[in-house]
Structure formats: C-alpha cells, structure tokens
Amino acid sequence: MAIVLVLSGAIQGCANKGETSTLAQHSGPIKVYSYEKRGYIMSEKVVRTEAEWKKQLTPEQFHILRQKGTEQAGTGKYAYSHEHGIYRCAGCGLDLFRSEDKYESGTGWPSFFAPISPDNITTAADNSLFSRRTEVLCRRCGGHLGHVFNDGPPPTGLRYCMNSAALDFVAFKK
Ligand code: FE
C-alpha cells in the first residue's frame, strides 16, 4: 500500500511539473490586464532558460519563482505592507495584485482576496507536502507565486497566499 502511495505521489508530481513547463514553454501572444492601460493588452509569454532566470533573479527569487519554494512566514518584505500600489511579478513584471485587494490574513504572508485579473494568473493542482493545494502561477512567465485557499474574506472568499519574493511593488504616483 505504501509503495502504491509513493508511486502515485511521484506520478502526480511529474504531472504537475509537466503541466507547468508546458505552460511556460508555449510562447505566443496572450491577453492580460494592464493597470497602466486600464484595460486588456496583448503580451508575449516570457520564456527563459534556467541559466537565464538564475542570472536575472536573486537566489531567493529563483528558489521561489522557478523552484516553487516558499519563504518563511513573517519574513517577506510585503507581509505587512499597506502602501497603495500594484504588485507585479518579480520574474516578468506582469501586474498581478492591487493593494486595495490586500488584507491582513494573520499568516505572515502577503494575502489578497483577488488577483488584478483572473487572466493574469494560472492555477495548478499541487499535491506535494501530503496536502492538496492549488498553486498560483504568473500567466506570462509561469513563475510560482504561492497558493490560493478557500478561507478568504468577502467578496470572493479566497485567500491568495503569496511570497513577497515573487512580487515587485510599485507605489501609485501621488
Ligand atoms: Fe511573471
């Protein structure tokens, strides 16, 4: 029984990896929301090799975005931030979250009840760590951002639990 469980876990792990890399490898135009344009724009998917990502990102960003890592709770630079602005993907700069959709979840990770647009993210099943979670990825570069849970506040009831290192904050102009 134990062997069967281990095997199914391994297969599931491969399936997840396959799904993600397929997403990242499909280049071509995608329709995403741009805060600056206040509307949808066509954008090219961002596809880079592991070596290119390593060169571009800090070791922490690389570990989280490209290796699906998780930063320690309460240590991220945006965990308790309340400044007004936009959170972009630290990998490709795509607009991902708005400060007005951020709330204090008490988890120690920056938490949002919605993305800036459902078209700017993708989700995938994540059955690692003996739990069933839903992974959240950047739609443009396939970078791992965090997970989404069903215990968020109104109006969506969702909690997008993100890693600060996967995000770049840009303050609104005053
Ligand atoms: Fe990205």
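So, Arg38: you'll find Arg38 in the loop between β1 (29-34) and β2 (39-44). When I say helix or strand, I mean DSSP runs, with helices being H or I of at least four residues and strands being E of at least two, numbered from the N terminus. Phi of Arg38 is near 55°, a positive value in a residue other than glycine. Why look at that? Most residues other than glycine have a negative phi, and most peptide bonds are trans. Arg38 counts as exposed, because its relative accessibility is 53%. The cut-offs there: buried is under 20% relative accessible area, exposed is over 50%, and partly exposed is in between, with a 1.4 Å probe and protein chains only.

Quick word on where this comes from. The model is predicted, so local features need pLDDT of at least 70 and side-chain atom pairs count only at pLDDT 80 or more, while totals for chains, interfaces and linings use all residues. Residues are numbered from 1 along each chain as its sequence is written, and side-chain values use heavy atoms, with hydrogens and water left out.

Lys68 is partly exposed, because its relative accessible area is 34%. Then there's a cis peptide bond joining Pro154 and Pro155, with omega at about 5°. Pro155 is found in the loop between β9 (144-149) and β10 (159-162).

While we're around β2, have a look at Ile41, which lies in that strand. Ile41 is partly exposed, at a relative accessible area of 29%. Ile41 and Pro29 are 12 residues apart in sequence, and their C-alphas are 9.6 Å apart in space.

Now the metal. Which residues are the protein donors of the iron ion? They are Cys89, Cys92, Cys138 and Cys141, each through SG, at 2.3 to 2.4 Å from the iron. A donor here is an N, O or S atom within 2.8 Å of the metal (3.2 Å for Na, K and Ca), and water is not among the atoms, so sites may look incomplete. The angles among the 4 donor atoms run from 100 to 115°, and the site is tetrahedral. For four donors, that label asks for all angles between 85 and 135 degrees. Along the chain, the donors follow the spacing C-x2-C-x45-C-x2-C.

On to the sheets. Strands pair if DSSP finds at least two bridges between them.

Zoom in on β3 and β4, which pair over 3 bridges. Ile86 has Arg98 in β4 as its bridge partner, and Tyr87 stands opposite Phe97 in β4. The hairpin has 5 residues between the strands, and Gly93 there takes a positive phi near 85°.

The other open sheet has 6 strands, β5-β6-β10-β9-β8-β7, again with antiparallel pairing. Here β5 (102-103) and β7 (121-126) have a single partner strand each, so one side of each is left without a neighbour in the sheet.

Last, the rings. How many aromatic pairs does the structure hold? It holds 8. A pair means Phe, Tyr or Trp rings (six-membered ring for Trp) with centres within 6.5 Å; planes under 30 degrees apart are stacked, over 60 edge-to-face, and the rest tilted. Tyr78 and Tyr87 are edge-to-face, at 5.3 Å centre to centre and 80° between the planes. Tyr78 counts as buried because its relative accessibility is 10%, and Tyr87 is buried at 0%. Ring pairs link Tyr78, Tyr87, Phe97, Phe112, Tyr160 and Phe169 into a cluster.

And two charges over rings: Lys31 over the face of Tyr40, 5.6 Å from the ring centre, and the charged end of Arg48 over Trp53, 4.9 Å from the centre. The test is NZ of Lys or CZ of Arg within 6 Å of the ring centre and within 35 degrees of the ring normal.

How values were computed:
Tetrahedral: all angles 85-135°; square planar, octahedral: opposite > 155°, others 65-115°.
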